[in-house]
Amino acid sequence: MNYNHKEIEKKWQEYWRENKTFATEENWEKPKFYALDMFPYPSGQGLHVGHPEGYTATDILSRLKRAQGYDVLHPMGWDAFGLPAEQYAIDTGNDPAKFTNKNIETFRRQIDSLGFSYDWERELNTTDPKYYKWTQWIFTKLYEKGLAYEAEVAVNWVPALGTVIANEEVMPDGTSERGGHPVVRKPMRQWMLKITKYAERLLEDLELVDWPESIKEMQRNWIGKSTGTNVAFKIKDSDLEFTVFTTRPDTLFGATYVVFAPELELVQEITTAEQRLAVEKYILEAALKSDLVRTNLAKEKTGVFTGSYAINPVNGKQIPIWISDYVLASYGTGAIMAVPAHDTRDFEFAKQYGLEIIPVLEGGDITKEAYVDDGVHINSEFLNGLGKIEAINKMNTWLIEKEVGEKRVSYRLRDWLFSRQRYWGEPIPVIHWEDGTTTALSESELPLTLPKISDIKPSGTGESPLANIADWIEVVDQKTGMKGRRETNTMPQWAGSSWYYLRYIDPKNQNSLADFEKLKHWLPADIYIGGAEHAVLHLLYARFWHKFLYDIGVVPTKEPFQKLFNQGMILGTSFRNASGALVATNKVEGIDGSFFSVETGEKLEQAPAKMSKSLKNVVNPDDVVEKYGADTLRLYEMFMGPLDTSIPWNDDGLEGSRKFLDRVWRLFVDENGQKREVITNVNDGMLDKVYNETVKKVTEDFENLHFNTAISQLMIFVNTANKLKKLYSKYMTGFVQLLAPITPHLGEELWEIMGNKGGISYIDWPNYDEEALVEESIEVVFQVNGKIRAKVQVASDLSKEELEKRALVQKEIVNIIEGKTVRKVIVVPNKLVNIVV
């Protein structure tokens, strides 16, 4: 009887569903294990084969932990608000809610078909008013604590999308992350969240979590803590002054000009009449560029002289004030002191505009390039001859005594821009009253639901489509009769994903975000698996909200996710043309195996690339499940290589995985679909060693997410078992338990064929016998002067003395050392004997 994956997978998925096999027990007597996936955005394209990789990893861990006696929470939900659904609705005239729900049905069906052991009773949807009631509630609490506020700020406006996006959503080329549209800067009224208040704690508490160091470093860099000095500069012939933040106050004697951000308000006050036209033209040009484009180190440096001068506080020299777009008003003070002799960017700017360059550190050739290393101070009066630390301390003391400076800690992190001028998002639960006051809705007034409207196109003026719905916007206070208007901006997609892991713990609670005792039991999540692309945005925002909720007593832990793991990417097969560009084209294979474009005839080179609809390289898991089975897909993705590595998809590997499962089936099942007669209750000892090795390695590898090497060990067991005429039943059932977390449908079926009832999910995990792992004999190398002369089998753990005796009488060794003097014998037990002659 052949392995029929369609019948077997359908059978066990129905069994799990009917028996609610994976419903969370909430048995607080057991140790807990919270396995969390980064929940997906349900796009119209459905899953591709890259999605299940991380889901399979958490599923294997969840199945392992259930068998080890843990109370397991393994949920799934949908991050369903956002631009893509709204843009599709605008383009097609569809309702984004209906479109989103249809996509969720597709995703759920696809995920279910892969046999993941999710507790579907806890399924979440961020667009469900029962869910976003609590998203809005968190916002009201932030507002009450002064952490949510309105401000007129320069924002990243995307005309094509009709909305503002956060700095983090702007790509390095100055386009939007979503859609690749041009981004311009313009001032607008926006809601902001004061994440900067948590900057230090967001840094410090990275030490509490088990995350990849690369991800921690990305967060540290984004927060950008700098310890330095605020230095006050006066403006010549004026009562005005400004402050510069610097980490190198010791280089003040080398400051030969200062640069303001074009949008800094002081620019308008200090610009001379002669320079007014040039300055205003430059300000308009800078406003069209995103922060990322402006600060790109590779771009040409541009700027304009304001006509005014500052006074260097350490020597009284007049230095010119310029504006340049590489300085941002949102970072530091919006003004920098330029030391071109020792900063590459300042050097290039000074060279371009003929500005003075004064070295204040000994070393290098500043006629050619900036000297950016440390050196003894020169041209610095009272700092001459000092090293870096001593000079910084002395300068700080001088600045403080003269009352022109103070020590200061600065952060690159900016407050979170929280408004979106779109329809498809959580309404911000705020009312603006005609007397100029603003109030947040009370908990009893939540959720504030989105009204149903037919036209959800952005206005293009900066207002949300909600601004057009008078009967929703206009409100009257029932007590005072005062009129007001609801906030028309909506929340960003990041809002719902910043706390969803908490709602999984108590998803049906109508009275609070989640029960505190349940949160105490389950938090923090024990493992969080997802893509590294969320290293800054989602993870930083979720940590910020979690810390705020900790401060107001809603959650019991400082951090939400104890262990983080980033799976690699499964790449699709793409093609490059002669110029090296990735192309989406119909192709034909030549006689020699080369590929050619059907449209142009040009030769194409294969190249792995991220799966995308535009490159026509997406592999649909539905097709794989239909042809090979869900277990084959799960096995293949875990066997491709280390989980954190990006690897190209390969159909040949899929074929190999299916063949292995066929071999496993034939090892257990005869042609009549019954357990093979070679499986007996008598242990002849032939499988003792490989079985115990397999239990040990698979268990350890599962715990460490080394699934590819665990599968290799399972294959070793199968290869060994296939050579034997008798197979010990206990070991064979143990093997099925080891295989089942990876291929659960096959595992359940073989478990049943072996005569067991009730399913495999909660059966105690196999143990191994340490004594069975001990080698009775091992191979030891005998060397003479470091060269291998013999390899022999000896009893394991033979003493050094016995090993030395064996080596000195070994025939090959005797022939070489005869007539020579033995100077030394080096013995490494269980490995080698080296005789020095």
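Start by selecting Arg63. This residue is found in helix α2, which spans residues 51-67. The model is a predicted one. Is Arg63 buried or exposed? With a relative accessible area of 8%, under the 20% cut-off, Arg63 is buried.

Now show the neighbours of Arg63. Leaving aside residues up to four places away in sequence, Arg63 touches Trp16, Phe22, Gly115, Phe116, Ser117, Arg634, Ala740, Pro741, Pro744 and Ser761.

**Asp91**

Next, select helix α3, residues 83-92; Asp91 has its place there. Asp91 is exposed, because its relative accessible area is 58% and the cut-off for exposed is over 50%. How far apart are Asp91 and Lys457 in sequence and in space? They are 366 residues apart in sequence, yet 9.3 Å apart in space, C-alpha to C-alpha.

**Zoom out**

Show the whole protein chain. Its secondary structure comes to 26 helices and 33 strands. Along the principal axes, the C-alpha atoms fill a box of roughly 100 × 90 × 65 Å. The chain has 837 residues, and 53% of them count as buried. Look also at the contacts between residues at least 6 apart in sequence: 72% of these join residues at least 24 apart.

**The sheet with β16 and β19**

Select β17, β16, β19 and β18. These four strands form an open sheet in that order, and the pairing is antiparallel. Which strands stand at the edges? They are β17 (438-440) and β18 (474-476); each has a single partner strand, so one side of each is left without a neighbour in the sheet. From one strand to the next, the twist averages 35°.

Stay in this sheet and pick β16 (residues 430-433) with β19 (residues 483-486). The two run antiparallel and are joined by three bridges. Click on Trp433; its bridge partner in β19 is Gly484.

**Strand β22**

Move to β22, residues 570-576. This strand is mostly covered, with five of its seven residues buried. Look for two pairings here.

- Select β26 (residues 603-610): six bridges join β26 to β22, and the two run antiparallel. Gly572 stands opposite Ala609 in β26.
- Select β27 (residues 647-648): β27 pairs with β22 in the parallel sense, over two bridges. Leu571 stands opposite Pro648 in β27.

While the side chains are on display, keep one rule in mind. In a regular strand, side chains alternate between the two faces of the sheet.

Select α21 (residues 688-703) and α22 (residues 707-721). They pack at an angle of about 165°, and their axes are 8 Å apart. The angle is over 145 degrees, so α21 and α22 are roughly antiparallel to each other. Their crossing is left-handed.

Which residues meet between α21 and α22? From α21, show Val690, Tyr691, Glu693, Thr694, Lys697, Val698, Asp701 and Phe702. From α22, show Phe707, Thr709, Ala710, Gln713, Leu714, Ile716, Phe717 and Thr720. Colour this contact by residue type: nine are nonpolar, four polar and three charged.

Show Leu714, Phe717 and Val718 in α22; they meet Tyr731, Met732, Phe735, Leu738 and Leu739 in α23. This contact divides into eight nonpolar residues, with no polar and no charged ones. Leu714 and Phe717 are listed in the contact with α21 and in the contact with α23.

**Last stop: β30 to β33**

Select β31, β30, β33 and β32. In that order they make an open sheet of four strands, with mixed pairing. The edge strands are β31 (787-795) and β32 (824-828), and each pairs on one side only. Neighbouring strands of this sheet are turned by 15° against each other on average, direction ignored.

Finish on β32 and β33 (residues 832-836). They pair in the antiparallel sense over five bridges. Click on Lys824. Which residue in β33 stands opposite Lys824? It is Val836.

Terms used. Residues are numbered from 1 along each chain as its sequence is written. This is a predicted model: local features need pLDDT of at least 70, side-chain atom pairs count only at pLDDT 80 or more; totals for chains, interfaces and linings use all residues. Side-chain values use heavy atoms; hydrogens and water are left out. Axes are lines fitted to C-alpha atoms, for helices over the stretch in contact, and angles run from 0 to 180 degrees between N-to-C directions. Angles under 35 degrees count as roughly parallel, over 145 as roughly antiparallel, 65 to 115 as roughly perpendicular and the rest as oblique. A crossing is left-handed if the near helix is turned anticlockwise from the far one by less than a right angle, and right-handed if clockwise. Contact means heavy atoms within 4.5 Å. Ala, Val, Leu, Ile, Met, Phe, Trp, Tyr, Cys and Pro count as nonpolar, Asp, Glu, Lys and Arg as charged, and the others, Gly among them, as polar. Buried means under 20% relative accessible area, exposed over 50%, partly exposed in between (1.4 Å probe, protein chains only). Two strands pair if DSSP finds at least two bridges between them.
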